[in-house]
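Please have the sequence and the 3D view open while reading.

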Amino acid sequence: MESISIGDAILSEFLGTAVLLLLGAGVVANVILPKTKGFGGGWLLINFGWGLAVFTGVYVAFQSGAHLNPAVTLGIWAAGKDEFAPGIEVNATNGFLYIAAQFAGAAVGSTVAYLTYKKHFDQDADPAIKLAVFSTGPELRSYGWNFLTEVVGTFVLVFWVVISGNTPAQIGPLGVALVVVGIGASLGGPTGYAINPARDLGPRIAHALLPIRGKGSSDWSYAWVPVLGPAVGGILGGLLAMTIGWVA
């Protein structure tokens, strides 16, 4: 693939992450908000919806390497790779710009999902249900264990991303989509598997700002868990890949 400019990379990450959140928040809204066609569709529908959201977002953002996730950006950095994408050197400035674009894209994508389901948000529902369209939350609140859950899930994702170029089957976007489905089905039960700081914090900020009827707290006391947990998991995934020499 040809080299790209940092401006094109920022736009790519922004648009890809926006699409990721539009479809990801959209499937959650479809399953849990009142009077939708998909109401009650269940956990596996959410898992597959998020997997397909990743699949779509990765194709949209292919030019920039389709990180869509600060944990992936940090993991690639920790793995010692030279470039985030062709022509984009791994350094603090470019890393910050990638991550800023991801957070902004996530906020915009979740806002469009809200607008798409506006009439359903206007229905009477527990405020926690409305927040759950935007951000994750634990089933059993225990900050240390919730943090560990996010570390483990994100480690699996980023370790796979960093080493997957060395696997015999080059399945790219489909592969990462299936990994996300697998993480959700296997490890997502305790916390809702944010596994992506931008996916959680960007939409949480949007939830706080939007005029959502009947909304409650944005649960800021929990907000650090799906930011720091995935960041640590991503770094650990990159470091392990570098240590054992499996960096693609």
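How do the residues of the lining of the second largest pocket divide into nonpolar, polar and charged? In this predicted model, the lining holds 12 nonpolar residues, 10 polar ones and five charged ones.

## The second largest pocket

The volume of the second largest pocket is about 510 Å³. Its lining is made up of 27 residues, and those closest to the centre of the pocket are Ala-132, Ser-135, Thr-136, Gly-137 and Glu-139.

The most comes from α6, which gives five residues.

Helix α3 spans residues 70-78 and is mostly covered, with seven of its nine residues buried. Buried here means under 20% relative accessible area. The residues in question are Pro-70, Ala-71, Val-72, Thr-73, Gly-75, Ile-76 and Ala-78.

What do the buried residues of α3 pack against? Their partners are the strand β1 (83-85) and the helices α4 (92-116), α7 (143-163), α9 and α10 (225-244).

At the N-terminal end, α3 is capped by Asn-69. A side-chain oxygen of Asn-69 lies 2.8 Å from the backbone nitrogen of Ala-71, and Ala-71 is itself one of the buried residues of the helix.

Just after α3 comes Gly-80, with a positive phi of about 85°.

Key: Residues numbered from 1 in each chain as written. Predicted model: local features only at pLDDT ≥ 70, side-chain atom pairs only at ≥ 80, totals over all residues. Heavy atoms only, no water. 1 Å grid on protein atoms, 1.4 Å probe; cavity = no way out; pocket = protein on both sides within 12 Å on 5 of 7 lines; lining within 4 Å. Points joined across faces, edges and corners; volume = space filled by probe spheres on them. Helix = DSSP H or I, 4+ residues; strand = E, 2+ residues; numbered from the N terminus. Nonpolar A, V, L, I, M, F, W, Y, C, P; charged D, E, K, R; others polar. Buried < 20%, exposed > 50% of the residue type's maximum accessible area, 1.4 Å probe, protein only. Contact = heavy atoms within 4.5 Å. Polar contact = N/O pair within 3.5 Å; in protein donor to acceptor, adjacent residues only side chain to side chain.
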